[in-house]
Amino acid sequence: MTKYLFILFFALSIAVEAQINFLGKPGLIMTPGTDWVEEEQLGVTYAVIPWEYALFRNTSKNNTTHFYSVRAGFTSFMEVNFSIAYRPDLADKIGVGDRQLDFRFKLLKEKRYQPAIVLGLSVPGSTSPVMHHDYLVVSKNFDTGFGNLKTNIGYGSPYVIRKAPGEANFFQSLVLDKKEDLGLNYLSGFFGGLRYMPVSFGGLMIEYDTRTWNMGAFVKIWDRFYAQVFNYEASSSWGFNFSAQFPLDLKPKSLRDARSNN
């Protein structure tokens with residue numbers, strides 16, 4: 001635990017730029033948000049979730065999950081995200097692990113008196129829809145005079161469309177199930193969180209992900225590289241992620257510098 005406390009202290013000591021959730025999408029820790037990184041449309045993320053808080057129903061200690069995600073923004077209002085949930089202690093039994101493809105849509109851009117709104121939709125049809133989530137999230141930034149405060153409030157669908165095993169025809173195999181009947185409770189119902197940046201070089205987060213309360217800190221390490229460390233229920237269980245974001249239209253450095261100075 002000492003090394004994670006050191007990481008947390010380090011995270012509060014250098015310049016903050018943005019934060020990405022464990023599935024590689026703009027958000028807090030386990031919950032999605034409305035941030036839209038139009039200048040850096042390609043993102044890659046690596047995250048580790050401890051076994052006690054993994055999304056899977058298996059609660060054994062070999063259930064620690066490593067998430068690998070790639071996100072791409074092809075338009076100013078739509079992003080695509082692909083994630084793999086790899087469980088190294090179970091790799092000999094389940095292979096690469098569960099995969100999920102989903103989309104983000106920017107419905108409303110934040111303005112002075114207007115919140116930002118984003119819709120998230122997962123592609124249906126997985127036989128094990130653990131990472132499947134459809135949600136609507138609303139956020140607003142406030143200048144408190146003592147730093148920036150951002151609020152996130154959202155609702156995740158309590159239903160999931162999955163593929164029933166044993167049915168050859170894909171469309172005939174799709175069934176609508178309640179998440180709670182499948183033992184799934186991630187982003188099922190109302191969720192929300194706060195991000196507080198008292199100064200430009202530090203940020204803290206707290207959220208409720210419909211399962212539990214989480215808190216954490218985030219930091220920009222180098223240009224386009226970010227780190228996040230988080231804790232569950234003020235317990236000894238810690239997780240972290242590392243992410244990088246790049247523009248899809250990489251141009252020569254001299255051209256990028258000229259454009260940024262205009």
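**Exercise 1. A salt bridge from a loop to a strand**

Identify the residue with which E110 forms a salt bridge, and state how far apart the closest N and O atoms are.

*Solution.* Step 1: the partner of E110 is K140, with 3.3 Å between the closest N and O atoms. A salt bridge here is a side-chain nitrogen of Lys or Arg within 4 Å of a carboxyl oxygen of Asp or Glu. Side chains of opposite charge can pair when their charged atoms come close.

Step 1: E110 is in the loop between β4 (98-108) and β5 (116-122), while K140 belongs to strand β6, so the pair ties together parts that are 30 residues apart in sequence. Helices (H or I, at least four residues) and strands (E, at least two) are DSSP runs, numbered from the N terminus.

Step 2: E110 is partly exposed because its relative accessibility is 25%, and K140 is buried at a relative accessible area of 16%. The classes are buried under 20% relative accessible area, exposed over 50%, and partly exposed in between (1.4 Å probe, protein chains only).

The structure is a predicted model, in which local features need pLDDT of at least 70 and side-chain atom pairs count only at pLDDT 80 or more, whereas totals for chains, interfaces and linings use all residues. Residues are numbered from 1 along each chain as its sequence is written, and side-chain values use heavy atoms, with hydrogens and water left out.

**Exercise 2. Other charged pairs**

How many salt bridges does a search of the whole structure find? Are R71 and E79 buried or exposed?

*Solution.* Step 1: the search of the whole structure returns 10 salt bridges.

Step 1: one of them joins the side chains of R71 and E79 at 3.4 Å, N to O. Both of these residues are buried.

Step 2: D177 and R162 form another, with their closest N and O atoms 2.5 Å apart. D177 sits in strand β9 (residues 174-178) and R162 in strand β8 (residues 159-163), so this pair ties together parts 15 residues apart in sequence. D177 and R162 are both buried.

Step 3: salt bridges also link D35, K150 and R195 in a network.

**Exercise 3. The largest nonpolar core**

Which residues of the largest nonpolar core touch the most other members?

*Solution.* Step 1: the core has 30 residues, and F22, M30, I49, L55, F67 and Y186 touch the most other members. β1 (42-49), β6 (135-143), β10 (189-199) and β13 (225-232) each supply at least two residues of this core. A nonpolar core is a set of buried Ala, Val, Leu, Ile, Met, Phe, Trp, Tyr and Cys residues joined through side-chain atoms within 4.5 Å.

Step 1: examine M30. It lies in the loop between α1 and β1, and its relative accessible area is 0%. Beyond four places in sequence, its contacts include F22, I49, L55, Y186 and E207. The C-alpha atoms of M30 and E207 are 8.1 Å apart, although 177 residues separate them along the chain.

Step 2: examine L55. Leaving aside neighbours within four places in sequence, its contacts include F22, M30, F67, Y186 and R211.

Note on methods:
Contact means heavy atoms within 4.5 Å.
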